[in-house]
Amino acid sequence: MEKSEVTVGLAELKVVGKSEILVAYAIGSCVAVILYDSRSKIAGLAHVMLPSKNGFSEDSKEGKFADTAIEALVKEMKALGADEKRLIAKIAGGACMFGKETDTDINVGQRNVDKVREILKNKKIYLKADDTGGRYARTVRFFSQNGKGIISSAKLGITKEF
Amino acid sequence: MLNEQQKDALKEVGSIGAGHAATALSQLVDKKVLVTVPRLEIIPIEQMTQFMGDPENLVTALKTNILGDISGKILFILERENALFVADMLKGTELGSTKTFNEIDEKMLTQAGNILVMAYLNALTRLTGLAILSSQPDFVFDMMGAILSTVCTEDGINIEQAVIIDADFVEESNKVKGRLIFMPVQDSLKAILDAIKI
C-alpha cells in the first residue's frame, strides 16, 4: 500500500482529513464505527469495545464505549470542519466469537451493534453500510478520499468492499 | 505490581501444570512428549494485544471460564500452523495433511487443550487449597486480536492483569509452542497470592 495507514487500536478513536486510510485490525465483538463527510472528506473511526459507559465511571477512555465514542467522534470531526448534517456512517464488527449468538448475556457483539445503531438513529446519522454479526473477526479499512471501506477476514479468506 | 516472590509462586504453578500436561499428552498420543521450562510474564491487560504481536495472526483458542473461590478466564492458544500439526498428531495422520479445522479436529484440539488447562488448574488448586471449578471449554479459530479483545469484554468483568505462560511441547524432533493466558479478576489474583503455599 503506497499510502501510510492510520491504525485505530482498541478503545481508540481517530479523525483524518482527505487521502488517508483508517484501519482497525482484528475486530471481534468490538465495532468499528466510521463517520464520513464526503464533501470535506473528513473521516473518523472509533474502535468501540462496549455499549455504554454506564457502570464504568472510572474508565476515562471515551473511545471504548459506543455512547461516548460517537459523541467524541462527531465533536472532533466538526472541529476539523466536517458538517454534522452531512455525516454518514459505516459500521463493521460485532461478531459472536464464543458461545451461542442468541445468548445475549454473553454476546457482547450484538449488544454493541444494537447500541451503535440506536445512537446513530437518535443522531439522525444515515447508516450507509452495516456489516455486522456472524462468527468471524474482521479487519476494516476506510479510504477518506472516496469514502470506500474494505473488510477482510483472514479466517474466511475474503475481502469485500462495503 | 507483583514482587519477585509472588512471580516465582505463579511460575511454580505454571511449571507443575505444564509437567502434568506433558504426561497426559504423552498418554493421549502414545508418544513421549516433553515440555520445556515455561516462561512466565505478567502484564497489564491493556498491553496484552501489543505483547501478542500481529493482531491478525490466525490462532486457535480454547476459552474456559473459572468459577468457585476465584473467577476469571483461561485461554489456551496455538498458532494456526502449530494447531494443524497437533491435529495431525492427535489423529495419527501424516504431518501436514490437516489444512483446515473440521468438526473432528475442533473436538480433538478441544480435548487436548482441555487436558492442559485442567493440569494447570489442578496445580493451582493444589498449591492454593482453593476450590476452583471450570466451565465447558469453548473452541474458536480466528484472528488473535479479536479473540483477546472479546474475552476481555464479553461479560463486563474486571480483569486488570494477565499471566502469560509459554511452553514448548517436544515430541522427538517436533516442537509445538503453546501459550496459556490466565486472566483472574483482580480480587481473585490477590486471593491466589494470599493462599499460595510454596
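## A walk through chains A and B

Counted over all chains, there are 18 salt bridges here, a salt bridge being a side-chain nitrogen of Lys or Arg within 4 Å of a carboxyl oxygen of Asp or Glu. Before going on, keep in mind that this is a predicted model, where local features need pLDDT of at least 70, side-chain atom pairs count only at pLDDT 80 or more, and totals for chains, interfaces and linings use all residues. Residues are numbered from 1 along each chain as its sequence is written, chains are lettered from A and ligands numbered from 1 in the order in which they are written, and side-chain values use heavy atoms, with hydrogens and water left out.

Let's start with the sheet in chain A. It is an open sheet of five strands in the order 2-5-4-6-7, with mixed pairing. Strand 2 (13-16) and strand 7 (126-132) sit at the edges with a single partner strand each, so one side of each has no neighbour in the sheet. On average, neighbouring strands are turned by 15° against each other, direction ignored. As for the terms, helices (H or I, at least four residues) and strands (E, at least two) are DSSP runs numbered from the N terminus, and two strands pair if DSSP finds at least two bridges between them. Axes are lines fitted to C-alpha atoms, for helices over the stretch in contact, and angles run from 0 to 180 degrees between N-to-C directions.

Now zoom in on strand 4 of chain A, residues 31-37. Seven of its seven residues are buried, where buried means under 20% relative accessible area, exposed over 50% and partly exposed in between, using a 1.4 Å probe and protein chains only. In a regular strand the side chains alternate between the two faces of the sheet. Here V31(A), V33(A), L35(A) and D37(A) point one way, while A32(A), I34(A) and Y36(A) point the other, and all are buried.

Strand 4 of chain A has partners to look at in turn. With strand 5 (residues 42-48) of chain A, strand 4 pairs in the antiparallel sense over seven bridges. I34(A) has L45(A) as its bridge partner there, and L35(A) stands opposite G44(A). Four residues separate strand 4 and strand 5 of chain A in this hairpin, and K41(A) in the turn has a positive phi of about 60°. With strand 6 (residues 88-93) of chain A, strand 4 also pairs in the antiparallel sense, over six bridges, and V33(A) stands opposite I91(A) in strand 6.

Side chains of opposite charge can pair when their charged atoms come close. D37(A) and R86(A) do this with N to O at 2.8 Å. D37(A) belongs to strand 4 of chain A and R86(A) to the loop between helix 1 (66-79) and strand 6 of chain A, so the pair ties together parts 49 residues apart in sequence. D37(A) is buried at 0% relative accessible area, whereas R86(A) is partly exposed at 26%. D83(A) joins in too: D37(A), D83(A) and R86(A) are linked in a network of salt bridges.

Another salt bridge in chain A joins E5(A) and R141(A), with the closest N and O atoms 2.6 Å apart. E5(A) is in strand 1 (residues 5-7) of chain A and R141(A) in strand 8 (residues 138-143) of chain A, so this pair connects parts 136 residues apart in sequence. E5(A) counts as partly exposed at 26% relative accessibility, and R141(A) is buried at 16%.

Two packed helices are described by the angle between their axes and the distance between the axes. Helix 3 and helix 4 of chain B pack at about 90°, their axes 10 Å apart. That makes helix 3 and helix 4 of chain B roughly perpendicular; angles under 35 degrees count as roughly parallel, over 145 as roughly antiparallel, 65 to 115 as roughly perpendicular and the rest as oblique.

Which residues meet in this packing? A83(B), V86(B), A87(B), L90(B) and K91(B) in helix 3 of chain B meet D105(B), M108(B), L109(B) and A112(B) in helix 4 of chain B, contact meaning heavy atoms within 4.5 Å. K91(B) and D105(B) also form a salt bridge (2.6 Å, N to O). K91(B) is partly exposed at 31% relative accessible area, while D105(B) is buried at 1%.

Last stop, helix 5 (residues 144-153) of chain B: nine of its 10 residues are buried, among them M144(B), I147(B), L148(B) and V151(B).
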